[in-house]
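Here are my notes on the model you sent over, as numbered points. Have the coordinates open while you read.

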Amino acid sequence: MSAELPPWPERLPLRTTDAHTHAGSVREYSGLTEADALAAAAAVNVTRLVEVGTDVASSRAAIALAEAYPQVIAAVAIHPNDAARLGASLPTALAELESLLGSSDRIRGVGETGLDYFRTTDDQGRRLQREAFAAHIAWATQYDLALVIHDRDAHADVLDVLAAEGSPSRVQLHCFSGDADFARACLDRGYYLSFPGTVTFKANEALREALDLTPDDRLLVETDAPYLTPMPFRGKPNSSYLLPHTLRFIADRRGADLAELCRQVADNASALFGEWGSDG
Ligand SMILES: [Zn+2]
Ligand SMILES: [Zn+2]
């Protein structure tokens, strides 16, 4: 491992699951290959992960990784910020993405898709995001896959689009960033809330209030590596082996037994995405 990588945390007492990561992007930040990232994660008992594509190329790579490793399943998508950037090429990209669906039983999720009003501020870009989001929602239902939602500064509109298009049966709010009220709105609709390392940041008390009211059977934990590294390593490159910091923080906050939390979030990931096929 490169010198700037945080040290390995203490091994978790039970095997668990990173519900959203980009192992294929970790290398440029940390020098860890996908195989290194998987081995490092397994060493601390993070034995399963969801590898998430954000464009056609990274979606193909996610499928290849999931076919090579039983501890990996794939989610495929055109990310909302990519949808906005693609402009007139968006329909072609969506058609290519759709051609991947059904190509492998290792594809278990459609996403990350959704709306990002933080990075995309123009009306035309936001229209393209909505168009892409609607297409992904339809595929999740058609192919019976989990819908993996990216929502940045767009909470109300994300729920509006889901209501207009019709919610698929299994929905994950990846990198949940709302407060208690938005959490309640999502939980009322039966969605899973997936908490990343940001829940450990001092300023994010509203996010912790959302965590407090999330029932055990709707809770997921993720790294979203290579971004959002948990405390005390905020700002360093993230990777799935750092998930234990977030899990320990959440166990403390909820007054939960750490082993029980590891088991619960892994069970929830299975309910959302299906079985991995490895015993991790
Ligand atoms: Zn995201
Ligand atoms: Zn992501």
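1. Terms first: two strands pair if DSSP finds at least two bridges between them. Helices (H or I, at least four residues) and strands (E, at least two) are DSSP runs, numbered from the N terminus. This is a predicted model, in which local features need pLDDT of at least 70, side-chain atom pairs count only at pLDDT 80 or more, and totals for chains, interfaces and linings use all residues. Residues are numbered from 1 along each chain as its sequence is written, while chains are lettered from A and ligands numbered from 1 in the order in which they are written.

2. Now the sheet. Eight strands make an open sheet with parallel pairing, in the order β1-β2-β3-β4-β5-β6-β7-β8. β1 (16–21) and β8 sit at the edges with a single partner strand each, so one side of each has no neighbour in the sheet. On average, neighbouring strands are turned by 25° against each other, direction ignored; axes here are lines fitted to C-alpha atoms, for helices over the stretch in contact, and angles run from 0 to 180 degrees between N-to-C directions.

3. Have a look at β7 (residues 192–195). Two bridges join β6 to β7 in parallel, with Tyr-192 in β7 as the bridge partner of Gln-172. Towards β8 there are three bridges, again parallel, and Phe-195 is partnered there by Val-221. Both faces of β7 are covered: Tyr-192 and Ser-194 are buried on one side, Leu-193 and Phe-195 on the other. Buried means that 20 or more other C-beta atoms lie within 10 Å of a residue's own, exposed means 12 or fewer, and partly exposed is in between, with C-beta atoms placed from the backbone.

4. Which helices pack on the sheet? Helix α3 (residues 56–68) lies across β2 (46–52), β3 (72–76) and β4, and runs at about 160° to β3. α6 packs on the sheet too, touching β4 and β5, with its direction at about 155° to that of β4. For contacts, the C-beta atoms of two residues, placed from the backbone, have to lie within 7 Å.

5. Glu-51 deserves a look. This residue of strand β2 is buried, with 31 other C-beta atoms within 10 Å. Leaving aside neighbours within four places in sequence, its contacts include Thr-21, Gly-24, Ala-62, Leu-65 and Ala-74. Gln-71 is 20 residues from Glu-51 in sequence and 10 Å away in space, C-alpha to C-alpha.

6. On to the core. A nonpolar core here is a set of buried Ala, Val, Leu, Ile, Met, Phe, Trp, Tyr and Cys residues joined through C-beta atoms within 7 Å. The largest has 79 residues, and Ala-62, Ala-74, Ala-75, Val-76, Val-110 and Leu-193 touch the most other members. Residues up to four places away in sequence aside, Ala-62 touches Gly-24, Glu-51, Val-52, Gly-53, Ala-74, Ala-75 and Val-76. In soluble globular proteins, nonpolar side chains tend to be buried together.

7. In α1 (residues 23–30), the buried residues are Ala-23, Gly-24, Val-26 and Ser-30. Seen down the axis they fall within an arc of 155°, so they line one face of α1; the arc is that of the directions from the helix axis to the C-beta atoms. Their cover includes β1, α2 (34–43), β2 and α3. In α11 (residues 258–273), the buried set includes Leu-261, Val-265, Ala-269 and Phe-273.

8. Helix ends. Gly-31 follows α1 with a positive phi near 85°, and Gly-274 follows α11 with a positive phi near 90°.

9. Finally, backbone spots to check by eye. Where are the cis peptide bonds? One joins Gly-111 and Glu-112, with omega about 20°, and Glu-112 lies in strand β4 (residues 107–116). Another runs from Met-231 to Pro-232, with omega near 5°; Pro-232 is in the loop between β8 (219–221) and α10 (243–254). Asp-144 has a positive phi near 50° and is exposed, with 12 other C-beta atoms within 10 Å. Cys-175 also has a positive phi, about 50°, but counts as buried, with 23 C-beta neighbours inside 10 Å.
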